Amino acid sequence: MSDAPKNPPARDANAARLRPEHVRVLRLGHGANCSSVGSVVDTLFLGAVAGGAVFAAICAAMRDEPVRVVGGGDADAPTAPSAKSAAAVDAPTPPSAKNAAAVDADTPTPPSAKSGAAAEAATEPEGPGGDTPAVDGEAP
Amino acid sequence: MIVRYEPWGAWVKLEREAALVAIDRDGARALGLDAGALWDAPAGAGAPPSRPLEVHVAVTSRCAAGCEGCYLDARPDGIEPPRAEIERRFDALAKAGVFTVAFGGGEPTLRDDLGALADAALARGLTPVVTTSGLGLGDRKIAQLTRFAQVNVSYDGPGEAYANVRGFDGAAQAEAAIARLAAAGVTVGVNVVLTRATFDHVEATLARAFELGAREAQLLRYKPAGRAKNLDYLARRLSPAQGRGLGALLRSLSRALPDLRVRIDCALVPFLSVDPDVASRPDELARWGVFGCEAGSALAATRVDGRVLPCSFADATAIDVSELSGAGWLEDAALEAFRAFPASPPEPCASCTLRGVCRGGCKIVSRFVDGRVGPDPECPRVLDVRGGGDAS
């Protein structure tokens, strides 16, 4: 049994509260146009059920990924995140406990791309001052 | 996942799934996130980004293709900034919390250090994507392109269709590039410029691209910029009937090519204003992240000299990329001009159901056609109001 500290139970329970209704905007895929910004439009023609499933799957995916905070700018930099979030972000999570709390039984698997082969998996080199999340093959 | 706090919640870029999500404060808190004092004030509606989400970086202005409509006016003797300079620009993007850097030019694959630049972007937490003509792609260049999250090949159609847009027949090379990149495991898409000549053949073009291995297609509106900024634009732009037919075309493509993801660029959004189905669902468009003119807001671009542009087709602002995270981004007059229009548009934009998504349509087009930033003159709704709905 691992000696790694567990996430506070509150975080696991809270993560389950991330629902599709919390999602204001969802942009799928990377796109790769260097001149204008593109937006996926075939999702507009999904039925409500299929569309809802995509949102639910994205929420499930968000619950499982480690967090890295960026940005903030100079002129409007927020104050540092609270100690609570720092602890929640840094504390490693036993997969079984987190998944049991966070993943509904009916949650669909994250959307596979409306695409073909995924990019070759690559390990992200260490960023400036941060952790090194692995970047899996990215299916748009 | 990469999180950037906003006053209303947070933008979240997933790293295992290609998705960018705006979540509200409650959703962010459910994930254990807390922006502290940034969330003290009431959240308000909407999910506007405080800094760009995506920045288009011209890594070179060199290109030998000579496309007739090149918006950058790229040439064989163009400028190629030193790698260290590009990496400093990436530092600036990372500092601002930008998520995606789209490499462009010129022709990015002319840079021998392209793969290293992609790695430099990744090292800074940026997702690198790139557009290429696909011309002259050998094994070495393809190997460099595997470092990118997605590579789009410019492909306006087979044979004559390609030549009609670009002035030379590069279709075979572009098709070979699509196939070779896909075979190498690269996530490949195509950029397809919609002109009066190519619009009616789009389904065949996309079907061909899919057959070659492309899994995404981005439709781009032909714009009067660079070498396309001339009277020839008026003959090449979509006809009013074609513009009105965009919604139907997209539905048709979705049915015919269910495994090909289809995107439209920001400048095509106005044409959806007269589609009875799409125009009746503005909240859905917004929620699915359909972006109209986000120049100077969610989108920015940088020239080879590091100057910031509201978008790649616009004139340069007074600020350098190093100011993206500072007051310059918030206060530059040229950027503010792009943001101001959607905030308080005149009619017929003001009463349009897609106002919040379209944001006034393409200001590059309005400046060229009408001589000022205003309602997109080629928007079908605008044409109807102006009485030119049937004119070509």
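**Figure 1. A:Ile58 has its place in helix α2 (residues 48-64) of chain A.** Helices (H or I, at least four residues) and strands (E, at least two) are DSSP runs, numbered from the N terminus. This is a predicted model, in which local features need pLDDT of at least 70 and side-chain atom pairs count only at pLDDT 80 or more, while totals for chains, interfaces and linings use all residues. As for bookkeeping, residues are numbered from 1 along each chain as its sequence is written, chains are lettered from A and ligands numbered from 1 in the order in which they are written, and side-chain values use heavy atoms, with hydrogens and water left out. Back to our residue: A:Ile58 has a relative accessibility of 1%, so it counts as buried. (Buried means under 20% relative accessible area, exposed means over 50%, and partly exposed is in between, using a 1.4 Å probe and protein chains only.) Along the sequence, A:Ile58 and A:Leu26 are 32 residues apart, yet their C-alpha atoms are 8.6 Å apart in space.

**Figure 2. Strand β1 (residues 2-6) of chain B has strand partners from both chains.** Two strands pair if DSSP finds at least two bridges between them. β1(B) pairs with β2(B) in the antiparallel sense, over five bridges, and the two make a hairpin with two residues between them. Look for B:Ile2 opposite B:Lys13, and B:Arg4 opposite B:Trp11. From chain A, strand β3 (residues 68-69) pairs with β1(B) in the parallel sense over two bridges; there, A:Arg68 has B:Ile2 as its bridge partner. In a regular strand, side chains alternate between the two faces of the sheet. In β1(B), both faces are covered: B:Ile2, B:Arg4 and B:Glu6 are buried on one side, and B:Val3 and B:Tyr5 are buried on the other. With five of its five residues buried, β1(B) is therefore largely enclosed by the rest of the structure.

**Figure 3. A hairpin with five residues in the link joins β2(B) to β3(B).** Strand β3 of chain B covers residues 19-24 and pairs with β2(B) in the antiparallel sense over five bridges. One pair to find is B:Val12, which stands opposite B:Val21. How many residues of β2(B) (residues 9-13) are buried? Five of the five are, so this strand is largely enclosed by the rest of the structure.

Figure 4. B:Ala58 has B:Gly104 in β5(B) as its bridge partner. (Axes are lines fitted to C-alpha atoms, for helices over the stretch in contact, and angles run from 0 to 180 degrees between N-to-C directions.)

**Figure 5. Helices α6(B) and α7(B) cross at roughly 40°.** The axis of α6(B) comes within 8 Å of the axis of helix α7 (residues 202-212) of chain B. That makes these two helices oblique to each other: angles under 35 degrees count as roughly parallel, over 145 as roughly antiparallel, 65 to 115 as roughly perpendicular and the rest as oblique. From α6(B), B:Glu175, B:Ile178, B:Ala179 and B:Ala182 meet B:Arg208, B:Ala209 and B:Leu212 from α7(B). (Contact means heavy atoms within 4.5 Å.) The residues of this contact divide into five nonpolar, no polar and two charged. Ala, Val, Leu, Ile, Met, Phe, Trp, Tyr, Cys and Pro count as nonpolar, Asp, Glu, Lys and Arg as charged, and the others, Gly among them, as polar.

**Figure 6. A search of the whole structure turns up zero disulfides over all chains.** A disulfide here is a pair of cysteine sulfur atoms within 2.5 Å. For A:Cys34, the nearest cysteine sulfur is that of B:Cys70, 9.1 Å away. For B:Cys349, the closest is in B:Cys358, at 6.4 Å, which is too far for a bond. A:Cys34 counts as buried at 10% relative accessibility, and B:Cys349 is buried at 12%.
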